[in-house]
Amino acid sequence: MSDTTRDSQIDAAAVTPAVRGTLPPVGDDVVASVVRVSKAYRLGGHLVRALDDVSIDFHRGDFVAIMGSSGSGKSTLLNLLGCLDRPTTGRYILAGQDVARMDDQTLSRVRGRYLGFIFQSYNLIQQLSVVENIAVPLAYQRPPLPGGHDRCLRLAELVGLSGRLGHRPTELSGGQQQRVAIARALVNNPQVILADEPTGNLDTATSHEIMDLLDALNRAGRTIVMVTHEDDIAARARRVVRLRDGRIERVSENRPAAS
């Protein structure tokens with residue numbers, strides 16, 4: 001058995017009915033679109049193109065794995081998708097809005113409204129309990145989402161942690177901490193979940209449990225964009241985008257997007 005204890009197993013089959021129907025409406029099947037985006041940095045006296053004329057659409061129900069060697073541009077692309085950076089040139093359309101030219105305050109609001117984040121190192125606040133960590137994004141919602149505490153409790157149950165609501169991160173296994181992070185990513189009801197190496201710190205069995213949960217969320221209609229360097233993890237996605245030297249080298253489809 002993995003580091004997940006028996007009383008907190010994920011019931012992946014319960015995810016679909018629990019999550020379906022909560023997605024915010026959008027006017028188009030494309031929820032995020034990168035249009036001829038480039039990102040360049042000055043490094044000493046040299047201009048480094050981390051991304052070079054990249055265009056790709058992400059559809060509702062997509063599950064996309066982004067792969068590439070170190071320096072290929074995958075982290076830069078994820079940062080742009082997460083509104084953590086801006087492109088040098090090109091457009092980034094999220095939920096029908098061009099976020100590439102927004103000011104910092106507007107960008108922060110868009111990030112908090114439309115995006116959920118899952119990190120390799122979990123990024124939990126050590127002083128907070130499970131339910132308090134899940135609730136963190138709600139502090140930035142304006143106007144506040146109604147029923148926030150009840151939603152946190154439901155999400156904790158969804159990821160198999162209803163018996164550990166008062167535990168601190170140091171009292172949890174790696175797999176349990178990542179499930180807290182997944183619940184936190186869902187609490188603001190995002191249109192797109194961005195996952196940066198979500199299984200990178202986990203053993204094989206726990207990695208498959210986390211991927212089972214992401215699969216179930218995707219079947220419920222969630223759009224997921226995931227950076228990974230592991231072929232077996234990428235094989236769980238619906239599409240695989242491979243980057244090389246800041247450009248899209250190829251896109252392969254494993255199966256159709258969720259409807």
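**Sheet and core packing in a predicted model**

Leucine 115 stands opposite valine 192 in strand 7. Strands (E, at least two residues) and helices (H or I, at least four) are DSSP runs, numbered from the N terminus. The model is predicted: local features need pLDDT of at least 70, side-chain atom pairs count only at pLDDT 80 or more, and totals for chains, interfaces and linings use all residues. Residues are numbered from 1 along each chain as its sequence is written, and side-chain values use heavy atoms, with hydrogens and water left out.

Helix 3 (residues 104-114) packs on the sheet and touches strand 6 and strand 7. Its direction makes about 75° with that of strand 6. Axes are lines fitted to C-alpha atoms, for helices over the stretch in contact; angles run from 0 to 180 degrees between N-to-C directions. Contact means heavy atoms within 4.5 Å.

The open sheet has six strands in the order 6-7-8-3-9-10, with mixed pairing. Two strands pair if DSSP finds at least two bridges between them. Strand 6 and strand 10 (247-253) are the edge strands, each pairing on one side only. On average, neighbouring strands are turned by 20° against each other, direction ignored.

Strand 7 is parallel to strand 6 (residues 115-119), over five bridges. Here isoleucine 118 has alanine 195 of strand 7 as its bridge partner. Strand 7 also pairs with strand 8 in the parallel sense, again over five bridges. Valine 225 in strand 8 is the bridge partner of leucine 194. The chain crosses from strand 7 through helix 7 to strand 8, and this β-α-β crossover is right-handed: with the strands pointing away from the viewer, the path from the first strand over the helix to the second runs clockwise. Four of the five residues of strand 7 are buried (under 20% relative accessible area, 1.4 Å probe, protein chains only).

The largest nonpolar core holds 38 residues. Such a core is a set of buried Ala, Val, Leu, Ile, Met, Phe, Trp, Tyr and Cys residues joined through side-chain atoms within 4.5 Å. Ile134, Ile182 and Leu214 touch the most other members. Helix 6 gives the largest share, six residues. Beyond neighbours within four places in sequence, leucine 214 contacts Phe63, Ile118, Ile182, Pro198 and Ile224. A second, separate core of 30 residues includes Val64, Leu78, Val192 and Leu194.

Isoleucine 56 lies in strand 2 (residues 46-59). This residue counts as buried because its relative accessibility is 8%.

Methods: Buried < 20%, exposed > 50% of the residue type's maximum accessible area, 1.4 Å probe, protein only.
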